Amino acid sequence: MTSEHADDAPEVQDRDASRIALTWNGEPGRLEELTHGMLLDQAARAAAALARLGVSAGDKVAVHLPLVPESVIATLACGRLDAIRTTLPVSLTVPELVARTRESDARVLITADAAFWDGAVRPVKAVLDHALARGGATDANGQRRTVLVVNRCSRPVSWQPGRDRWWHEALAEA
């Protein structure tokens with residue numbers, strides 16, 4: 001990059017910061033829009049939260065989320081840390097999730113309380129909880145995994161103190 005272009009970079013970033021980067025249409029009547037600035041801010045806070053949980057370059061973060069903005073934010077956060085994002089599709093059965101969780105060897109898992117699809121609210125964290133209870137509650141080094149929970153449907157969820165943390169609280173600490 002020449003110095004001429006480098007001098008223009010802040011101006012371009014400022015101009016793009018207020019432009020819509022992500023539009024998400026969820027369950028009926030729910031629309032979320034994130035600007036470039038909002039998306040980058042949340043990605044930076046998510047990266048800081050993951051780093052506080054011990055994630056560093058080369059570590060794996062397993063993402064067990066429906067198609068929601070936090071999935072994109074988690075991807076960007078992993079990129080900032082040079083961590084490896086591993087996807088655990090929400091459509092997996094408990095036995096499949098047990099195997100994939102073990103294979104991922106992720107120190108941190110990101111999931112949602114629940115998700116709205118096919119006209120109904122479906123459990124997401126509960127399925128992951130069952131999988132972790134069947135095996136894979138610790139990584140290959142025997143360290144207990146941390147589960148970050150995205151609040152998408154405001155439903156009661158089972159909670160394991162010391163393991164489970166709310167995504168929004170972890171980001172607020174950053």
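## Surface and overall form

The chain exposes about 9,200 Å² of surface, and carbon and sulfur atoms supply 51% of that area. The model is a predicted one. Of the 174 residues in the chain, 41% are buried.

The radius of gyration of the chain is 17 Å, which agrees with the value near 16 Å that a compact globule of 174 residues would have. Taken along the principal axes, the box filled by the C-alpha atoms is roughly 60 × 40 × 25 Å. The secondary structure consists of six helices and nine strands. Contacts between residues at least 6 apart in sequence can also be examined by their separation: 65% of them join residues at least 24 apart.

Strand β5 covers residues 108–112, and five of its five residues are buried. The side chains are divided between two directions: Val108, Ile110 and Ala112 point one way, whereas Leu109 and Thr111 point the other way. The residues of both groups are buried.

Which strands pair with β5? One partner is strand β3 (residues 60–64), which is joined to β5 by four bridges and runs parallel to it. Within this pairing, Val61 has Val108 of β5 as its bridge partner. Another partner is strand β8 (residues 146–150), which pairs with β5 over five bridges, also in the parallel sense. Here the bridge partner of Ile110 is Leu148 in β8.

## Helix α3

Helix α3 comprises 13 residues, numbered 69–81. From its first C-alpha to its last it reaches 19 Å, close to the 18 Å expected at 1.5 Å a residue.

The buried residues of α3 are Pro69, Glu70, Ser71, Ile73, Ala74, Ala77, Cys78 and Leu81. An α-helix has 3.6 residues a turn, so residues three or four places apart point the same way.

## Two positive phi angles

Directly after α3 comes Asp82, whose phi is positive. The angle is near 60°, and Asp82 is a residue other than glycine. Asp82 is placed in the loop between α3 and β4 (84–87). Its relative accessibility is 56%, and it therefore counts as exposed.

Asp105 likewise is not a glycine, yet it has a positive phi of about 50°. This residue lies in the loop between α4 (94–104) and β5. Is Asp105 buried or partly exposed? With a relative accessible area of 31%, Asp105 is partly exposed.

## Salt bridges around Arg152

The structure holds eleven salt bridges. One of them joins Arg152 to Glu32, with the closest N and O atoms 2.8 Å apart. Arg152 lies in the loop between β8 and β9 (164–166), while Glu32 belongs to strand β2 (residues 31–35), so this pair ties together parts that are 120 residues apart in sequence.

Arg152 has a relative accessible area of 7% and is therefore buried. The pair also belongs to a network of salt bridges that links Arg30, Glu32, Glu70 and Arg152.

## Salt bridges around Asp164

Which residues form salt bridges with Asp164? Lys125 forms one with Asp164, the closest N and O atoms being 2.9 Å apart. Because Asp164 lies in strand β9 and Lys125 in helix α5 (residues 125–134), the pair ties together parts that are 39 residues apart in sequence. Both Asp164 and Lys125 are buried.

Arg163 also forms a salt bridge with Asp164, and in this case the closest N and O atoms are 2.6 Å apart. The relative accessible area of Asp164 is 5%, which is why Asp164 is buried. Arg163 counts as buried as well, because its relative accessibility is 5%.

Terms used: Residues numbered from 1 in each chain as written. Predicted model: local features only at pLDDT ≥ 70, side-chain atom pairs only at ≥ 80, totals over all residues. Heavy atoms only, no water. Expected span 1.5 Å × (residues − 1). Buried < 20%, exposed > 50% of the residue type's maximum accessible area, 1.4 Å probe, protein only. Pairing = 2+ DSSP bridges. Rg over C-alpha atoms; globule rule 2.2 N^0.38 Å. Contact = heavy atoms within 4.5 Å. Areas by Shrake-Rupley, 256 points an atom, 1.4 Å probe, with all protein chains shown as cover. Salt bridge = Lys/Arg side-chain N within 4 Å of Asp/Glu carboxyl O.
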